[in-house]
2 protein chains.
Amino acid sequence: MSGTHSDVPSVVTAPLPDPVPRNEYEACPVTAAVRRVGDRWTLLVLSVLKGGPRRFNVLERSIEGISQRMLTRTLRSLESDGLVDRTVFATNPPSVEYALTAKGRGLLGALAGLAAWAMEHAEGE
Amino acid sequence: MSGTHSDVPSVVTAPLPDPVPRNEYEACPVTAAVRRVGDRWTLLVLSVLKGGPRRFNVLERSIEGISQRMLTRTLRSLESDGLVDRTVFATNPPSVEYALTAKGRGLLGALAGLAAWAMEHAEGE
DNA sequence: CCGTATCCATCCTGATACTG
DNA sequence: CAGTATCAGGATGGATACGG
């Protein structure tokens, strides 16, 4: 719903204190971080790993609806960003365990504020 | 870089304290919030509006690389989520002013933690 | 000044099948 | 068990042109 009136826009009177923000969004660390975490499965995977190390198989069954392909992609991407560690055990059949790194835990912690805001506005409250 | 050794996976010994997180990501408020803000221009627009109300034209020139189309889309979407207010002034030529709502300011505030984390890990530090 | 309308390239995601 | 390969659909974003 848009308001409409006939006063003078406040921008006419106000000075422009803003020089210009970061142009290339790749250069905006916040946008980069948000996009890093904003894909379909990343947050779900991280939140499961928050409970401790998990094997591929366990992750797959813990996250309803994820495919092997997407789980693999998500984990590989998290690994390459240093957010999770991947450990291969030479058992038979092989097992692979994933765990949060300190950086990964830091990221989850940094999301606390947004998480609180999100809960508050989740059409509940 | 993946580690490899031959110990027993810790998951064998550890119990599974995790029942199962939210399945449908639409049902996960945090993921929803992150995705809300994780598109190409939203954060840039919000951060400019943080400095006070701005006209369409000013926004366009403040955010290098944005097209009229994407600016309009981004603003409309923010408006429909109650994050910005849109006010039309019956001047000639017409001018339209956008401003953060309280909810919008709340969202930006909630991102402070993530912003700090992002700066810290922005290949600087 | 403040938009809309089209068209197009790309990314993201899912479904499915196959393997060391 | 823990992946990879392939294909296809929809969403996202950019370029450009036009209009009240």
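**The surface around the DNA**

Mentor: Happy to. DNA strand D is surrounded by 19 residues, and the closest are Asn57(A), Gln68(A), Arg86(A), Tyr98(A) and Arg69(B). Of the atoms of DNA strand D that come within 4 Å of the protein, 59% are accounted for by sugar and phosphate. Please keep in mind that this is a predicted model, and that every distance below is computed from its atoms.

Let's take the polar contacts of DNA strand D. The side chain of Tyr98(A) has an N or O atom 2.6 Å from a phosphate oxygen of DNA strand D. Arg76(A) has a polar side-chain atom 3.2 Å from a phosphate oxygen of DNA strand D. As for elements, those that give two or more residues to the surface near DNA strand D are helix 4 (56-62), helix 5 and strand 4 of chain A, together with helix 5 of chain B. Helix 5 of chain A supplies the largest share, with four residues. By residue class, the surface near DNA strand D divides into seven nonpolar, four polar and eight charged residues.

Now turn to DNA strand C. Sugar or phosphate holds 58% of the atoms of DNA strand C within 4 Å of the protein, and the rest belong to bases. One contact with a base involves Arg69(A): an N or O atom in the side chain of Arg69(A) is 3.2 Å from a base oxygen of DNA strand C. A polar side-chain atom of Asn57(B) is 2.5 Å from a phosphate oxygen of DNA strand C, and for Tyr98(B) the distance from a polar side-chain atom to a phosphate oxygen is 2.7 Å. The elements giving two or more residues to the surface near DNA strand C are helix 5 (68-80) of chain A, along with helix 4 (56-62), helix 5 (68-80) and strand 4 of chain B. Helix 5 of chain B makes the largest contribution, four residues. In this surface you will find eight nonpolar, four polar and nine charged residues.

In chain B, strand 4 covers residues 95-100 and includes Ser95(B). Is Ser95(B) buried or exposed? Ser95(B) counts as buried, because its relative accessibility is 4%, below the 20% cut-off. The C-alpha atom of Ser95(B) is 6.9 Å from that of Arg55(B), although the two residues are 40 apart along the chain.

Most peptide bonds are trans. The bond from Asn92(A) to Pro93(A), however, is cis, with omega near 0°, and Pro93(A) lies in the loop between strand 3 (84-89) and strand 4 (95-100) of chain A. Chain B has a cis peptide bond between Asn92(B) and Pro93(B), with omega about 0°. Pro93(B) sits in the loop between strand 3 (84-89) and strand 4 of chain B.

A search of the whole structure finds two salt bridges over all chains. In one of them, Asp81(A) pairs with Arg36(A), and the closest N and O atoms are 2.4 Å apart. Asp81(A) is in the loop between helix 5 and strand 3 of chain A and Arg36(A) is in helix 2 (residues 29-37) of chain A, so the pair ties together parts that are 45 residues apart in sequence. Asp81(A) is partly exposed at 32% relative accessibility, whereas Arg36(A) is buried at 18%. In chain B, Asp81(B) forms a salt bridge with Arg36(B), and the closest N and O atoms are 2.4 Å apart. There, Asp81(B) is partly exposed at 32% relative accessibility and Arg36(B) is buried, with a relative accessible area of 17%.

Finally, the core. The largest nonpolar core has 62 residues, of which Leu111(A) and Leu111(B) touch the most other members. Beyond its neighbours within four places in sequence, Leu111(A) is in contact with Val37(A), Leu43(A), Val34(B) and Leu114(B).

Notes. Residues are numbered from 1 along each chain as its sequence is written. Chains are lettered from A and ligands numbered from 1 in the order in which they are written. This is a predicted model: local features need pLDDT of at least 70, side-chain atom pairs count only at pLDDT 80 or more; totals for chains, interfaces and linings use all residues. Side-chain values use heavy atoms; hydrogens and water are left out. Buried means under 20% relative accessible area, exposed over 50%, partly exposed in between (1.4 Å probe, protein chains only). A residue is near a molecule or strand if one of its heavy atoms lies within 4 Å of it. A polar contact is a pair of N or O atoms within 3.5 Å; within protein, one must be able to donate a hydrogen and the other to accept it, and residues adjacent in sequence count only if both atoms are side-chain atoms. Ala, Val, Leu, Ile, Met, Phe, Trp, Tyr, Cys and Pro count as nonpolar, Asp, Glu, Lys and Arg as charged, and the others, Gly among them, as polar. A nonpolar core is a set of buried Ala, Val, Leu, Ile, Met, Phe, Trp, Tyr and Cys residues joined through side-chain atoms within 4.5 Å. Contact means heavy atoms within 4.5 Å. A salt bridge is a side-chain nitrogen of Lys or Arg within 4 Å of a carboxyl oxygen of Asp or Glu.
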